[in-house]
Amino acid sequence: MTKSFKEALKARRTFYQIDNISTLSEKELLDLIRFAVEHVPSAFNSQTTRVVLLTDEAHQKLWKIVKNTLRKHVPEAAFAKTEQKIDGSFSCGYGTILYFEDMSIVHALQEQFPTYKDNFPIWAEQTDAMHQLTIWTMLEEAGMGASLQHYNPLIDDEVRAAWDLPAHWKLIAQMPFGIPVAQPGEKEVMPLDKRVFAFTD
Ligand SMILES: Cc1cc2nc3c(=O)[nH]c(=O)nc-3n(C[C@H](O)[C@H](O)[C@H](O)COP(=O)(O)O)c2cc1C
């Protein structure tokens, strides 16, 4: 690891300007994802998160699905903006990582532990987000830039059909990535004493 955890976490940003180049081979990318999936925690160790790496044609296919789906659902003016983002940013990357939650496990846990029934879907989203941040940060550490997108649930059926994924996988997020070709701007950060508190008695 060339960057420490703290350095990588600090350097992780939303990169919209990305190119179709990876600093990692396909195997290294998969190893990175597998490492994250193995070590990120989940409620009751339920391991509900599913991660799919799309590169090459599959990456392009995803963004075609997003465009075709949104064209049908959003007003023309809003669609033009989306199309610009897809063509000028997301599809220009090297690949996209899809994050899902296996709802069959969530539903089984709800039946098994009725006391926590309402919490399991929330915990599933939380563990999914932990995977997202981990992989986003590891990509940063590997010299890549990524962003987090949410065209779900509009695209869910088409995405599952395109790669023959199970109906009980709920799409949570899409993470296009590639080498960054421009740096993000300054980020406003609220004073930390408004967000972090400590008590000793
Ligand atoms: C839960 C969550 C949802 C987000 N959804 C989107 C999104 O749909 N589209 C997008 O462009 N960025 C999305 N972002 C990125 C945030 O806008 C971004 O992380 C934030 O503005 C801070 O900027 P930074 O990532 O450069 O630190 C999301 C981030 C989080 C944590």
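**Entry 1: helix 4**

Helices here are DSSP runs of H or I with at least four residues, strands are runs of E with at least two, and both are numbered from the N terminus.

I note that this is a predicted model, in which local features need pLDDT of at least 70 and side-chain atom pairs count only at pLDDT 80 or more, while totals for chains, interfaces and linings use all residues. Residues are numbered from 1 along each chain as its sequence is written.

I then checked the length of helix 4. The expected span of a helix is 1.5 Å times one less than its number of residues. For the 13 residues of helix 4 that should give 18 Å, and the end C-alpha atoms are 18 Å apart, which agrees.

G88 is in helix 4. I list G88 as exposed because it has 11 C-beta neighbours inside 10 Å. Its C-alpha atom is separated by 8.7 Å from that of Y16, although G88 and Y16 are 72 residues apart along the chain.

**Entry 2: helix 3 against helix 4**

Two packed helices are described by the angle between their axes and the distance between the axes. I use axes that are lines fitted to C-alpha atoms, for helices over the stretch in contact, and angles that run from 0 to 180 degrees between N-to-C directions. Helix 3 (residues 56–73) packs with helix 4 (residues 76–88) at an angle of about 175°, and their axes are 10 Å apart. That makes the two helices roughly antiparallel. The cut-offs are under 35 degrees for roughly parallel, over 145 for roughly antiparallel, 65 to 115 for roughly perpendicular, and oblique for the rest.

Which residues meet? I found W63, V66, K67, L70 and R71 in helix 3 and F79, T82, E83 and I86 in helix 4. Two residues are in contact if their C-beta atoms, placed from the backbone, lie within 7 Å. The residues of this contact divide into 5 nonpolar, 1 polar and 3 charged. Ala, Val, Leu, Ile, Met, Phe, Trp, Tyr, Cys and Pro count as nonpolar, Asp, Glu, Lys and Arg as charged, and the others, Gly among them, as polar.

**Entry 3: helix 6**

Helix 6 (residues 119–141) has 23 residues, which should span 33 Å, and its end C-alpha atoms are 33 Å apart, in agreement. Its buried residues include F120, D128, H131, W136 and E140. Just after helix 6, G143 takes a positive phi of about 90°.

I looked at A124 in helix 6. A124 counts as buried because it has 24 C-beta neighbours inside 10 Å. A124 touches T48, E101 and V106, not counting residues up to four places away in sequence.

**Entry 4: the largest nonpolar core**

A nonpolar core is a set of buried Ala, Val, Leu, Ile, Met, Phe, Trp, Tyr and Cys residues joined through C-beta atoms within 7 Å. The largest one has 30 residues, and L98, I135, L139, A146 and F177 touch the most other members. Strand 5 (169–180) supplies the largest share, 5 residues. Leaving out residues up to four places away in sequence, L98 touches V52, L54, V159, L171 and Q174.

K170 lies in strand 5. It is buried, with 21 C-beta neighbours inside 10 Å.

Most residues other than glycine have a negative phi, and most peptide bonds are trans. I found exceptions in this model. N45 has a phi near 55°, a positive value, and Q47 has a positive phi of about 50°. N45 lies in the loop between helix 2 and strand 2 (49–55), and Q47 lies in the loop between helix 2 and strand 2 as well. Is each one buried or exposed? N45 is exposed, with 7 other C-beta atoms within 10 Å, and Q47 is partly exposed, with 15.

A cis peptide bond joins N152 and P153, with omega about 0°. P153 sits in the loop between strand 4 (145–146) and helix 7 (156–162).

Definitions and conventions: Buried ≥ 20, exposed ≤ 12 C-beta atoms within 10 Å, placed from the backbone.
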